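Visitor: I'd like to learn how to read helix packing and nonpolar cores in a model. Could you walk me through it?

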Amino acid sequence: MMEYIGATGVPVKFDDVPIETGIDFHFILSFAIDADSSGNPQNGVFSPYWAATLTPEAVVATKSRHPNVKAMASLSGWSLGSKTLSWYNPRDENLWISNAFSSLKTLVENYHLDGIDIDYERFPKRSNDSFAYCIGELITLLKNNSVISVATIAPFYTTVPPYIELFERYEGVIDYVNYQFYTDKLRSAAKYLAAFENRTLQFDRNKVLPSYEVNGRGIQGAAFFEALDLLEENGFDINGAMIFSADASVSNGFYYERETQEFLLNNATRKFVRV
């Protein structure tokens with residue numbers, strides 16, 4: 001299971017989130033951004049902008065209590081304050097990669113992280129030629145040097161083309177696709193199934209995770225779990241799920257986190273019994 005945390009400024013803590021011992025739980029700290037505090041690009045030099053409550057000490061303590069927990073940094077996101085962020089084509093792609101590798105290596109070491117999530121959400125209209133190369137080579141470099149062990153990507157409906165290019169060229173170093181199904185604003189289990197089938201044709205069906213936005217867009221409440229049942233009935237193995245985000249769940253007692261983990265645990269048990 002993957003859960004974004006720390007993106008909205010809410011002083012959420014890792015300890016607030018219920019964690020079952022029987023599944024792999026990934027906290028995705030949101031966000032690490034290659035920009036200064038005013039949103040000006042820094043040519044691959046990433047800095048953490050997630051909630052101040054999510055300290056390196058808190059990461060260590062949480063992973064110590066829960067050996068099944070991993071922590072990741074999500075890169076970019078939609079905005080920094082009032083400044084909307086966008087992928088920009090670096091003048092020197094290899095310099096951007098070098099800067100990104102060095103800054104993220106430091107961030108990974110300081111925060112005891114296990115991986116990165118790619119969440120660039122806007123692209124220049126004329127050309128995205130550098131995105132697949134820069135991000136793909138960055139992930140490859142981080143993995144080859146044992147800086148990270150897991151990498152995910154988070155496309156949504158308007159950003160699918162550059163992410164497809166990235167995935168097709170660097171699928172071997174991408175572990176999961178956190179497609180943002182909630183941005184499709186699907187309101188029924190049947191429509192969720194159709195959208196899921198479509199995205200698994202574009203990305204590896206074994207890597208695409210169903211996703212949910214707490215108190216947000218798209219399918220809500222029990223309908224999400226009906227959709228998960230329908231996916232399974234139609235031959236999809238539900239090996240995980242992505243939730244956005246822990247920040248919003250503070251007010252509802254983390255109902256969706258508890259229910260989703262229970263679903264995944266029950267699903268794993270059913271698979272074991274069938275085998």
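This is a predicted model: local features need pLDDT of at least 70, side-chain atom pairs count only at pLDDT 80 or more; totals for chains, interfaces and linings use all residues.

Visitor: What describes two packed helices?

Guide: In general, you give the angle between their axes and the distance between those axes. Here, helix H3 (residues 129-144) packs on helix H4 (residues 160-170) at about 45 degrees, and their axes are 9 Å apart. Angles from 65 to 115 degrees would count as roughly perpendicular and those under 35 as roughly parallel, so H3 and H4 are oblique to each other. The crossing of H3 past H4 is right-handed.

Visitor: Which residues make the contact?

Guide: From H3, they include Phe 131, Ile 135 and Thr 140, while H4 brings in Tyr 163, Leu 166 and Arg 169, among others. Sorted by class, the H3 contact with H4 has eight nonpolar, two polar and three charged residues.

Visitor: How many residues does the largest nonpolar core have?

Guide: That core has 83 residues, and Trp 96, Ile 118 and Tyr 120 have the most contacts inside it. Helix H2 (residues 93-111) gives it the most, with eight residues. Beyond its neighbours within four places in sequence, Ile 118 is in contact with residues including Leu 75, Phe 131, Ile 135 and Tyr 163.

Visitor: And Leu 141, is it buried or partly exposed?

Guide: Leu 141 sits in H3. Its relative accessible area is 31%, so Leu 141 is partly exposed. Setting aside residues up to four places away in sequence, Leu 141 touches Ile 97 and Phe 101. Leu 141 and Ile 97 are 44 residues apart in sequence, yet 8.9 Å apart in space, C-alpha to C-alpha.

Note on methods. Residues are numbered from 1 along each chain as its sequence is written. Side-chain values use heavy atoms; hydrogens and water are left out. Axes are lines fitted to C-alpha atoms, for helices over the stretch in contact, and angles run from 0 to 180 degrees between N-to-C directions. Helices (H or I, at least four residues) and strands (E, at least two) are DSSP runs, numbered from the N terminus. Angles under 35 degrees count as roughly parallel, over 145 as roughly antiparallel, 65 to 115 as roughly perpendicular and the rest as oblique. A crossing is left-handed if the near helix is turned anticlockwise from the far one by less than a right angle, and right-handed if clockwise. Contact means heavy atoms within 4.5 Å. Ala, Val, Leu, Ile, Met, Phe, Trp, Tyr, Cys and Pro count as nonpolar, Asp, Glu, Lys and Arg as charged, and the others, Gly among them, as polar. A nonpolar core is a set of buried Ala, Val, Leu, Ile, Met, Phe, Trp, Tyr and Cys residues joined through side-chain atoms within 4.5 Å. Buried means under 20% relative accessible area, exposed over 50%, partly exposed in between (1.4 Å probe, protein chains only).
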